[in-house]
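Work through the exercises below with the sequence and the structure open. Each task is followed by a solution in steps.

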Amino acid sequence: MIADVLAETTSRMTRAVEAAKEDFATVRTGRANPQMFQKVMVDYYGSPTPLAQLASMANPEARSLVITPYDKTALKAIEQAIRDMPNLGANPTNDGNIVRVTMPELTAERRKEYVKLVRTKGEDAKVHLRGIRRKSKDELDALKSDVGEDEISRGEKELDAITRQHVDLVDDALKRKETELLEV
């Protein structure tokens, strides 16, 4: 039973770390990256639709991205959604067939703002991991009547090790993103 709780905890924490990495990828760096546009929601015939479902994205140069919509009538909506996206600073243009997005060069001040934003996202991910740990500890405590206290104590130590391991993974991803952001 303890092994089941720990396996479920590991699974949930791994998913949380992956979500944090995806969240880090949405923060722009000096290069244009299709992952930055994962959270862009386009108002497509009255319903918010992820950009990835409406268009293909290619990145021909370091600071530009070409978005080719599957439906040409969505061009204006895609352009508007990109322009309205916060923390992107992109300036899209369309030529009737594609949307071309050119990313402006990041200033030192803007890079520092993005580092703060990424650190906040990292802290949020760690808080989420600690919440998962707390819930799992409660589940372990509920098993106290079925198994001995020694087993529960061993389970808690293993739970702490799992939590530490996943927090370290978030920290590593955070350091990589910070390095990428500060790279000129």
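**Exercise 1.** Find which residues Glu 178 is in contact with, leaving aside its neighbours within four places in sequence.

*Solution.* Note that this is a predicted model.
- Step 1: Glu 178 is located in helix H5.
- Step 2: Beyond the excluded neighbours, Glu 178 is in contact with Val 115 and Arg 119.
- Step 3: With Arg 119 there is a polar contact, side chain to side chain, at 2.8 Å.

**Exercise 2.** Decide whether Glu 178 counts as buried or exposed.

*Solution.*
- Step 1: The relative accessibility of Glu 178 is 15%.
- Step 2: The cut-off for buried is under 20%.
- Step 3: Glu 178 therefore counts as buried.

**Exercise 3.** Describe how H4 and H5 pack.

*Solution.*
- Step 1: Two packed helices are described by an angle between axes and a distance between axes.
- Step 2: For H4 and H5 the angle is about 170° and the axes lie 10 Å apart.
- Step 3: Angles over 145 degrees count as roughly antiparallel, so H4 is roughly antiparallel to H5.
- Step 4: Sorted by class, the contact of H4 with H5 has 13 nonpolar, five polar and 11 charged residues.

**Exercise 4.** Compare the span of helix H1 with the expected one, then state what its buried residues pack against.

*Solution.*
- Step 1: H1 covers residues 2-25, which is 24 residues.
- Step 2: From first C-alpha to last, H1 reaches 35 Å, close to the 34 Å expected at 1.5 Å a residue.
- Step 3: The buried residues of H1 include Ile 2, Leu 6, Arg 12 and Phe 24.
- Step 4: Helix H4 (108-142) and helix H5 (149-182) are what the buried residues of H1 pack against.

**Exercise 5.** Work out the relative direction of H1 and H4 and the make-up of their contact.

*Solution.*
- Step 1: The packing angle of H1 and H4 is about 170°, and their axes are 10 Å apart.
- Step 2: H1 and H4 are therefore roughly antiparallel to each other.
- Step 3: Among the residues making the contact are Val 5, Met 13 and Asp 23 of H1, and Val 118, His 128 and Glu 139 of H4.
- Step 4: By class, the contact of H1 with H4 has 12 nonpolar, four polar and six charged residues.

**Exercise 6.** State where Tyr 45 is placed and what its phi is.

*Solution.*
- Step 1: Tyr 45 is in the loop between strand E1 (41-44) and strand E2 (47-50).
- Step 2: Most residues other than glycine have a negative phi.
- Step 3: Tyr 45 is not a glycine, yet its phi is positive, about 50°.
- Step 4: With a relative accessible area of 65%, Tyr 45 is exposed.

Notes: Residues numbered from 1 in each chain as written. Predicted model: local features only at pLDDT ≥ 70, side-chain atom pairs only at ≥ 80, totals over all residues. Heavy atoms only, no water. Helix = DSSP H or I, 4+ residues; strand = E, 2+ residues; numbered from the N terminus. Expected span 1.5 Å × (residues − 1). Buried < 20%, exposed > 50% of the residue type's maximum accessible area, 1.4 Å probe, protein only. Contact = heavy atoms within 4.5 Å. Axes fitted to C-alpha atoms, helices over the stretch in contact; angles between N-to-C directions. Parallel < 35°, antiparallel > 145°, perpendicular 65-115°, else oblique. Nonpolar A, V, L, I, M, F, W, Y, C, P; charged D, E, K, R; others polar. Polar contact = N/O pair within 3.5 Å; in protein donor to acceptor, adjacent residues only side chain to side chain.
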